[in-house]
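Here is a short report on one protein chain.

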Amino acid sequence: MKLTVFGATGGVGREVVRQALAAGHEVTAVVRDPARLEVPAHERLRVEVVRDLTDEDALGPVLAGRDAVVSALGASSNKQARLAPVAGPALRAVISAMDRAGVARLSAISAAPLGPDAPGEGLLLRAVVYPLLRWALRDVYADLAVMEAAIGASGLRWTVVRPPRLLDRPRTGTYRRALDGNVPGGRVIPRADVADALLTTLTDPATAGHALGVAT
């Protein structure tokens, strides 16, 4: 496939680029600072600098002729999400630009707290831990909620991947998945496994139009 990857310099985004190239895909990595990509040059890798991800005209050239889009965009902190939301504004523009470019498939990272509590979770987690987490990172999750709403209202074939806490560990390939829900007992997942989920959902029709909870 010919893929465009947004958020390619983040921990998950770099893994998406590496895994996509290893799988034989052709990748356009959209970045603001090419030095932060940290992926070796490759004949199937094109790096494009776009400073403003809300500029639909700037997005057009990086989407032309693509088969699918992967978004690993998200605010790095609650303060950033409050002062300058990332995922919501960018994905609104990306969706519009995808429509104009005729690209229909999208996979995007979100977060487990936007999904429902998994069946069987204990009272402490449901009544204390999760509410505190949702409050502490409320601006990050508000930004992601705007993103999810824009994606859900689009006419794209989309999948939103909702991981819990991310770890810098190697890909296992054995993570669990829950369609339209969160994984019971799922507390963590390697960034590399989230990248795997973002890529594999692109060719899994069962995930189109759904949120996918993932966790180890």
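Helices (H or I, at least four residues) and strands (E, at least two) are DSSP runs, numbered from the N terminus. The chain has 7 helices and 10 strands. This is a predicted model, in which local features need pLDDT of at least 70, side-chain atom pairs count only at pLDDT 80 or more, and totals for chains, interfaces and linings use all residues. Residues are numbered from 1 along each chain as its sequence is written, and side-chain values use heavy atoms, with hydrogens and water left out.

**Overall form**

The C-alpha atoms fill a box of roughly 50 × 35 × 35 Å, taken along the principal axes. The radius of gyration is taken over C-alpha atoms, and the globule rule is 2.2 Å times the number of residues to the power 0.38. For 216 residues, a compact globule would have a radius near 17 Å; the chain has 16 Å, which agrees. Buried means under 20% relative accessible area, exposed over 50%, and partly exposed in between (1.4 Å probe, protein chains only). Of the 216 residues, 50% count as buried. Contact means heavy atoms within 4.5 Å. Among contacts with a separation of 6 or more, 69% come from residues 24 or more positions apart.

**Two helix pairs**

Two packed helices are described by the angle between their axes and the distance between the axes. Axes are lines fitted to C-alpha atoms, for helices over the stretch in contact, and angles run from 0 to 180 degrees between N-to-C directions. Angles under 35 degrees count as roughly parallel, over 145 as roughly antiparallel, 65 to 115 as roughly perpendicular and the rest as oblique.

The axes of helix H1 (residues 11–22) and helix H7 (residues 191–200) come within 8 Å and cross at roughly 60 degrees. That makes H1 oblique to H7. On the H1 side, the contact includes Gly11, Val12 and Glu15. On the H7 side, Arg191, Ala192 and Val194 are among the residues taking part. Nonpolar means Ala, Val, Leu, Ile, Met, Phe, Trp, Tyr, Cys and Pro; charged means Asp, Glu, Lys and Arg; the others, Gly among them, are polar. The contact of H1 with H7 has 8 nonpolar, 2 polar and 3 charged residues.

Helix H2 (residues 56–63) and helix H4 (residues 87–101) have axes that come within 9 Å and cross at roughly 55 degrees. H2 and H4 are therefore oblique to each other. Glu56, Asp57, Leu59 and Leu63 of H2 meet residues of H4 including Ala93, Val94 and Ser96. By class, this contact of H2 with H4 divides into 7 nonpolar, 1 polar and 3 charged residues.

Which residues are buried, and which are partly exposed?

| Residue | Relative accessibility | Class |
|---|---|---|
| Thr4 | 0% | buried |
| His25 | 16% | buried |
| Thr172 | 42% | partly exposed |

Thr4 lies in strand E1 (residues 2–6). Beyond its neighbours within four places in sequence, Thr4 is in contact with Thr28, Val30, Val62, Leu63, Arg66, Ala68, Val69 and Val70.

His25 sits in the loop between H1 and strand E2 (26–31). Not counting residues up to four places away in sequence, His25 touches Met1, Leu3, Ala20 and Arg44.

Thr172 is in the loop between strand E7 (165–167) and strand E8 (176–179). With residues up to four places away in sequence left out, Thr172 touches Pro190 and Asp193. Thr172 and Thr216 are 44 residues apart in sequence and 8.7 Å apart in space, C-alpha to C-alpha.
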